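We will go from one selection to the next.

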Amino acid sequence: MTTQTTAPQTPSTPSAGTPTGLIGIPPHIGRALATGGGVLTVISTFLAWTWTAEFPGDLTVYGYPGGLQVLVLIGGALTALFGLASYGIKGLRWLVPAGADSAIKLSALAAFTTAWFTIIAISAKLGGLVNLEPGGWIVAIATLATLLGALALPFDRPAPDPADPDDTAYEQFRHNARHKRAIIKAAFASGTVTPARKLPAYAEILIIVAALALGLTVFTYGIGTEYDELFVGFLITAGFGFAATAKAGLVNRVSALTHAHRTVTMTGAFIAAAAFPFTQADDQYATIGVYILIFATVALGLNIVVGLAGLLDLGYVAFLGVGAYTAAMVSGSPSSPFDIHLPFWASAIVGAAVAMVFGVLIGAPTLRLRGDYLAIVTLGFGEIFRIGVLNMDGTSGPDITNGSNGISSIPNLNILGFDFGQEHDIAGFTIARFANYFLLMLLITLVVVIVFRRSSDSRIGRAWIAIREDETAALAMGINGFRVKLIAFALGAALAGLAGTVQAHVTYTVTPEQYQFAHVVPPNSAFLLAAVVLGGMGTISGPLVGAALLYLIPAKLAFLGDYQLFAFGLALVLLMRFRPEGLIPNRRRQLEFHEEAEAPTALSKAGV
């Protein structure tokens, strides 16, 4: 008699390919819990979270969310919207062309993290959880329930790689850790974006206008955060919120519309930016805005050199300094060795031309180098410029730049009788000095954007991209690599010099310390390169967004004191680890880092 035995089946982790959630709640209950929790989170923001107004934002009011409550409300509303869309409700399916589950998880994380950060901040500032009102406990429970429900949503688990039985304990640990990371990645993966039905042109333009208005609102809110806790909450909500809309496919869908109406998008973006000073009650945030535009414009010029031509330039800020010093010397400053006072258009042309000459003089003997060698040479040029203007003080060298004192008392611009140093009333709004320069710098930025766009789509732009992708192959195809790279270097230098001519008048004083390789305050060469890489090389909007973040975040993280640069550097490391192609990459570069992504049917000449 034979007996047949079977190995007992032990309950373990779900098999690969089985749609299950990260936690063991039935999916239908998890979906209802996430959606209902999102609604409850929204309701809880209308309750008081603490009894005293000593915590900033005044979270003591019933029926009117304030401060961090507004951010939690946004996270809860996004979660509820995506949750309802996951049920296939008509009219909401347009919001989730790539699926709703990953978006629900990320928006639930936004609400949970912001709410619990607020609870912890209240307890730390006021002296314990006893200072919470019932609304604070309700929002803590509601966001926790929402997150648990979201993590129960099903996803396809990846199959584990076979393990080697001879592996050591440490190798087995690494193998298991890799598989767990793959599971987490799969849990937040999005599906393929479904094509949207064709809308009338006016409807697509209205969607673009709404997206631009939302962008202006988010930027205005972020730059106007009045206290540290609110800015940290803003970063949490904005980060997870953007990730949620991206995973839902909404960002890709809007991007397709903006690509189809590029001229309308660019025009609308600059109109929205021009409206920024009119949304401010004073000149405080217009000051930050004009410095962001100077930084962003120079970063966009560097994007031609690094993003399109692939040339690593570590001394680019020197060209900004060349333009600023040139404008300071010919604009009537009493500290200038030259008794010249040119109108702005002439000083702008002279500043850009001198910067271009410096670009040619530096590029001609060095652009035959590649890679790290070129980077070292450009780094040396940046330091030579700074030390050179530092020594032109009449003692160590000729008396041209006043050495460390710089060129001061640079007069305000006066264009056609419009004094940029005075307040002006426009359509009932009072525009002060920095708002005036903000609007002028916006026009300069528009010029740089047009130059970048036309250059990238031209024959020379395609040559830059060929050099960037494979210089040896480009040379074999008959492209004059030296000439093409020299044009990129000269054009980038001229655009930086043009921005420098405005910077000189904004800052009143031009000194060598403003143009270092690395410094806490941008612009400097390190931050400029980081803005291009962070935002997305080879795109127009990428460096603009990257520069805005790199200028705004360090200014708002000043409360961290000595840990400011540590937190900032850690954020950059994490971003480059999880999104190496940048925040707004072109499609070609995105496919290089994410081979599993679906390739578009066609790429533009610049790879967008």
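**Stop one: a charged pair across the chain**

Select aspartate 457. This residue is partly exposed, with a relative accessible area of 24%. The model is a predicted one. Arginine 262 counts as partly exposed because its relative accessibility is 30%.

Select aspartate 101 and arginine 31. Their side chains meet in a salt bridge at 2.8 Å, N to O. Aspartate 101 lies in helix α3 (residues 101–126) and arginine 31 in helix α1 (residues 27–44), so the pair ties together parts 70 residues apart in sequence. Is arginine 31 buried or exposed? Arginine 31 is buried, at 15% relative accessible area.

**Stop three: sequence neighbours**

Go to arginine 468 and glutamate 469. Here too the side chains meet in a salt bridge, 2.8 Å from N to O. Arginine 468 is partly exposed at 23%. Glutamate 469 is partly exposed at 39%. Across the whole structure, a search finds five salt bridges.

**Last stop: a nonpolar patch**

Select Tyr563, Phe566, Leu570, Leu574 and Phe578, then show the surface. Together they make a nonpolar surface patch of about 610 Å². Zoom in on phenylalanine 566, found in helix α20 (residues 564–578). Phenylalanine 566 has 58% relative accessibility, so it counts as exposed.

Key:
Residues numbered from 1 in each chain as written. Predicted model: local features only at pLDDT ≥ 70, side-chain atom pairs only at ≥ 80, totals over all residues. Heavy atoms only, no water. Patch = residues over 30% accessible without salt bridge, like charges linked within 9 Å, V, L, I, M, F, W, Y side chains within 5 Å. Areas by Shrake-Rupley, 256 points an atom, 1.4 Å probe, with all protein chains shown as cover. Salt bridge = Lys/Arg side-chain N within 4 Å of Asp/Glu carboxyl O. Helix = DSSP H or I, 4+ residues; strand = E, 2+ residues; numbered from the N terminus. Buried < 20%, exposed > 50% of the residue type's maximum accessible area, 1.4 Å probe, protein only.
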